[in-house]
Amino acid sequence: MNIAPKGPQAARLRKLKHDSLRTLSIPPEALPGSLAQCFRRCGKPTCRCVSGPGHPQWLLTYMVEGKKRVERIPEDWVEEVRQHVEMGRSFREKLTEILNANAELLVLWRREQKR
């Protein structure tokens, strides 16, 4: 199916799509999900965490086959992992732009076909 609606709105969407496609590449080191710091108690009755917020730790949370996965990230890896998560987020945003432009072009094309 060749979706090629006409008009200025369609031209703008095609330009947006092609600009995004030109710069889209899958970063080989990209990571899914999000990186967050949380605080956990260790369970030792004499530890300082009993009366405080807990021990800080970093977690990478992501989905695999519909199931949530959580991985603890060592403190010295945090900045590098954060960059890889941002690469993944940026890639997903560009891909979403392209898919949304395709959907809007389909809507415009369908409207033209009805006329």
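Start by selecting K15, which is exposed at a relative accessible area of 52% (exposed means over 50%, buried under 20%, partly exposed in between, with a 1.4 Å probe and protein chains only). This is a predicted model, where local features need pLDDT of at least 70 and side-chain atom pairs count only at pLDDT 80 or more, while totals for chains, interfaces and linings use all residues. Residues are numbered from 1 along each chain as its sequence is written, and side-chain values use heavy atoms, leaving out hydrogens and water.

D19 is partly exposed, at 29% relative accessibility. Both residues sit in helix α1 (residues 8–23), four residues apart, about one turn of the helix; helices are DSSP runs of H or I, at least four residues, numbered from the N terminus.

Next, move to helix α2 (residues 78–114) and select E79 and R82, three residues apart. Their salt bridge has its closest N and O atoms at 3.3 Å, and R82 is partly exposed at 35%.

Stay in helix α2 for E86 and R89, again three residues apart, about one turn. Their side chains meet in a salt bridge of 3.1 Å, N to O. E86 is partly exposed at 39%, and R89 is partly exposed at 29%.

How many salt bridges does the structure hold? There are five.

Notes
A salt bridge is a side-chain nitrogen of Lys or Arg within 4 Å of a carboxyl oxygen of Asp or Glu. Helices (H or I, at least four residues) and strands (E, at least two) are DSSP runs, numbered from the N terminus.
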